[in-house]
Amino acid sequence: MKAMGITGFGIPESFEEYELAVPAIKETQVLVEVYASSINPGDNHLRSGELLQSPVGGQFSIQFPYFLGGDVAGVVRGVGTGVQHFKAGDRVMGMVRGGSYMDQVAADEDTLTMIPDNVSFEEAAAAPTVALTAWQALFEHGKLQPGQRILIHGGAGGVGHAAIQLARHYGAYVIATAREHNHGFVLGLGADEVIDYYSQPDFVTRLSAPVDMVLDTAMLGKKELETGLPGEFGDYSYDILKDGGKYISITSFGIGTYPGVRNIDSLFFRARPNRDDLNVISTHMQEGKLNIHVDHRYPFTTQGLFEAYRTSEKQPRRGKIVISKEIIE
């Protein structure tokens with residue numbers, strides 16, 4: 001089968017095509033023919049090599065060729081003897097390990113869910129990582145309640161735009177930060193207020209009242225990636241949190257080392273794939289309560305990946321970038 005991996009760190013031109021054996025599936029695994037995948041910020045940091053140079057880089061074992069991609073949408077072609085929830089022919093989406101830019105992947109049953117009939121493979125491929133991250137940040141770790149005020153940094157990005165929709169649906173008052181050209185997009189997702197922190201970084205003065213929670217999804221710069229701390233940006237975020245509030249970050253891996261102030265709970269986390277949460281995401285997508293925005297689509301080829309990763313490095317960013325076999329070159 002065809003698989004596309006990187007030969008080294010750096011520019012996206014390092015993608016090359018390889019011929020691999022179809023993966024053997026274990027008892028509780030599913031063999032999925034991949035129709036579409038997507039790019040997440042972590043893929044970019046891995047591709048560039050920046051993540052491996054950070055304090056958390058030791059958790060990644062890299063040997064070339066290395067196969068990127070964690071989101072998958074496709075069709076079940078085989079199931080292990082212990083699989084209970086899927087059968088051949090099912091349309092599924094989820095998160096996988098070992099890369100998803102390939103013809104077929106082996107995935108644990110617990111990391112997949114069914115794709116609703118009204119959702120395309122492309123939208124499904126864009127959803128798992130960002131939607132799971134948003135869901136778990138808001139409700140598993142943040143315990144968000146109706147009527148609470150939440151500030152979501154990076155509201156136009158993958159996790160941010162999903163979090164706005166989910167928080168709004170569950171009755172929170174949502175404030176988002178985004179670049180000015182994304183304000184209409186963010187308001188259209190359901191945000192009550194939007195602030196351009198790029199031109200007005202002192203966003204504390206723009207808020208009428210403190211917030212119960214900050215969800216920080218903003219991309220880290222080189223300095224922040226080295227320290228794992230959001231710096232002055234984080235100081236502003238603490239300033240607008242209520243006593244006993246929550247600061248949840250998916251980028252600042254060192255945030256737990258911040259000195260404790262006013263009983264604010266600071267947490268960094270990474271999404272944990274599980275079928276129960278994925279089923280909730282799937283249901284919300286089916287009911288139109290969560291719409292994953294696909295901003296760019298590229299063919300499922302090495303050239304397509306090159307172009308997709310080049311685009312992912314540019315602004316403006318809205319939602320997700322997808323690599324799809326449904327695109328005819």
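This is a predicted model: local features need pLDDT of at least 70, side-chain atom pairs count only at pLDDT 80 or more; totals for chains, interfaces and linings use all residues.

Residues are numbered from 1 along each chain as its sequence is written, and side-chain values use heavy atoms, with hydrogens and water left out.

Our strand is E3, residues 29-39. Helices (H or I, at least four residues) and strands (E, at least two) are DSSP runs, numbered from the N terminus. E3 is mostly covered, with 9 of its 11 residues buried; buried means under 20% relative accessible area, exposed means over 50%, and partly exposed is in between, using a 1.4 Å probe and protein chains only.

Who pairs with E3? E4 does, running antiparallel to E3 with 6 bridges between them. Strand E6 (residues 104-108) is also antiparallel to E3, through 5 bridges, and Glu-33 has Gln-104 of E6 as its bridge partner. Then there's strand E15 (residues 320-324), again antiparallel, with 4 bridges to E3; here Ile-39 stands opposite Ile-321. Two strands count as paired if DSSP finds at least two bridges between them. In general, strands of a sheet pair through backbone hydrogen bonds, either parallel or antiparallel.

Now hop over to E4, which covers residues 71-79 and includes Gly-78. Gly-78 has 16% relative accessibility, so it counts as buried. Setting aside neighbours within four places in sequence, Gly-78 touches Ile-25, Val-30 and Leu-31, where contact means heavy atoms within 4.5 Å. Gly-89 is 11 residues from Gly-78 in sequence, and their C-alpha atoms are 8.6 Å apart.

At one end, E9 (residues 173-177) joins E10 over 3 bridges in the parallel sense, and Thr-177 has Ile-195 of E10 as its partner.

Finally, the helices. The axes of H3 (residues 128-141) and H8 come within 10 Å and cross at roughly 105°; axes are lines fitted to C-alpha atoms, for helices over the stretch in contact, and angles run from 0 to 180 degrees between N-to-C directions. That makes H3 roughly perpendicular to H8: angles of 65 to 115 degrees get that label, under 35 is roughly parallel, over 145 roughly antiparallel, and the rest oblique. Among the residues making this contact are Trp-135 and Glu-140 of H3 and Ile-281 and His-284 of H8.

H8 spans residues 275-286 and holds Ser-282. Ser-282 is buried, at a relative accessible area of 8%. Beyond neighbours within four places in sequence, Ser-282 is in contact with Met-93, Thr-113, Met-114 and Pro-116.
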